Amino acid sequence: MEKNTKGPLPKRLKNANPFVRLLTLLATAFLILGAIAMVVYRDTFNVDTIRHRLTLQKMETSETGEAAPFPHAGGDKLSVAYLDSGIVTASAAGTHYYSLDGEQLAEAVLTMENPVLSASGSTAVVYDAGNQSLFVFRGGEKSFSLTLEGSNDLLSARVNNSGWLAVTAQQSRHKGAVTVYDNHGSEVISIGLTTAFAVDAAISPNGQTVAVVTIGQEAGSFFSRLLFYRVNQEEPSAQVDLGSLAVLDLDFEDGLLWVLGEDRLLTVTPDGQNTQTYNFSPNYLKGCSLGGDGFALLLTGRYRSGSADRALVIGKDTQAVQTIPLTNQILDYAASGGYCALLTGSRLNLYDNELVLNSSLNNTLAARRLDLAPDGSALLANDQQAWLYIP
């Protein structure tokens with residue numbers, strides 16, 4: 001009888017589950033695309049934003065969403081800014097930079113006659129309007145400072161979301177000058193004007209275009225003009241005449257510049273070809289925040305004197321998206337990301353970009369100052385303390 005010398009038959013391989021194969025393929029593609037995106041956007045990838053969200057998740061809050069208050073330096077003419085990496089306060093006594101839980105990170109102690117605080121995303125700039133000192137705060141430190149010399153005086157300083165800075169100053173050899181600095185504090189371009197006065201400027205989110213507001217006289221009449229410059233060119237690429245408009249505020253978004261005047265709100269494309277206008281008449285301007293993504297928060301009143309009696313959200317097309325009546329005096333207001341907020345003496349109301357109420361805080365501890373982060377968390381401050389509200 002012959003023995004069977006053949007080994008066991010090989011096991012038959014099972015066909016891979018097509019669903020598992022698809023998931024593996026999608027996961028691989030996601031990782032590759034994520035790696036590519038981090039390389040492409042490495043200059044704008046904001047580690048502070050991630051750190052900010054993780055910090056908020058770990059922060060202890062009350063049942064109503066308030067973190068523990070911490071003391072700040074205070075001072076007259078106080079203003080506050082809520083950054084990804086912390087909180088900046090500015091007053092006549094100087095400026096201070098705190099972490100989100102109140103640890104002091106940096107400061108610039110000096111007397112300022114007209115302190116101005118301007119912030120965007122991860123960066124804040126503080127300057128003494130009409131004087132010569134300027135300080136930039138970012139990433140937990142004072143990252144840049146500037147002191148003008150001689151008879152040169154600061155008129156305006158604005159930062160974009162990438163930390164680039166546009167500084168408008170009065171210079172002895174020019175009627176006005178605008179200097180753009182990158183996020184390392186290096187000068188990119190300096191624009192000097194001899195035929196009109198430069199009074200304000202804003203840099204685009206990608207740092208490639210700067211919008212300059214000029215004023216002057218023609219035939220005895222006041223005029224205002226908007227000039228767009230490429231940062232690698234010394235001549236304007238576009239010009240928009242604003243007539244007798246006195247420009248109060250600017251905000252440069254992707255492909256659109258918001259311009260606030262005393263009696264109207266404009267949106268202008270950087271090529272100067274498309275200008276849209278929202279007129280306040282017959283109402284009067286009481287306040288405006290241009291910090292929202294693709295919208296402006298506007299406060300108006302029926303009378304020249306007195307407080308605001310309605311709040312509006314204005315879209316990119318300068319049409320009113322929504323309007324709500326106001327029955328209490330507004331102490332402060334803010335817009336950021338897809339949110340806006342109104343602070344009264346007894347209440348904080350947080351809305352989305354269509355003025356739908358998202359959350360409210362009734363005990364505001366006598367807060368008089370307010371700022372928002374793009375995620376909808378709020379910074380509140382009174383004369384002595386500051387704290388976060390995390391809905």
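**Exercise 1. Classify Glu 218 by its accessibility, then examine its salt-bridge partner.**

Solution. Glu 218 has a relative accessible area of 45% and is partly exposed, because this class lies between the buried limit of 20% and the exposed limit of 50%. The model under study is a predicted one. The side chain of Glu 218 forms a salt bridge with that of Arg 225, at 3.4 Å from N to O. Arg 225 has a relative accessible area of 17%. Since buried means under 20%, Arg 225 is buried.

**Exercise 2. Determine the accessibility class of each partner in the salt bridge between Arg 264 and Asp 263.**

Solution. The two side chains, Arg 264 and Asp 263, meet at 2.9 Å, N to O. The relative accessible area of Arg 264 is 21%, so Arg 264 is partly exposed. For Asp 263 the relative accessibility is 38%, and Asp 263 likewise counts as partly exposed.

**Exercise 3. Identify the salt-bridge partner of Asp 309 and classify that partner.**

Solution. Asp 309 meets the side chain of Arg 302 in a salt bridge of 3.1 Å, N to O. Arg 302 has a relative accessibility of 55%. Exposed means over 50%, therefore Arg 302 counts as exposed.

**Exercise 4. State how many salt bridges the model contains, and name the residues linked in a network.**

Solution. The cut-off is a distance within 4 Å between a side-chain nitrogen of Lys or Arg and a carboxyl oxygen of Asp or Glu. By this rule, six salt bridges are counted. A network of salt bridges links Arg 158, Asp 200 and Asp 249.

Key
Residues are numbered from 1 along each chain as its sequence is written. This is a predicted model: local features need pLDDT of at least 70, side-chain atom pairs count only at pLDDT 80 or more; totals for chains, interfaces and linings use all residues. Side-chain values use heavy atoms; hydrogens and water are left out. Buried means under 20% relative accessible area, exposed over 50%, partly exposed in between (1.4 Å probe, protein chains only).
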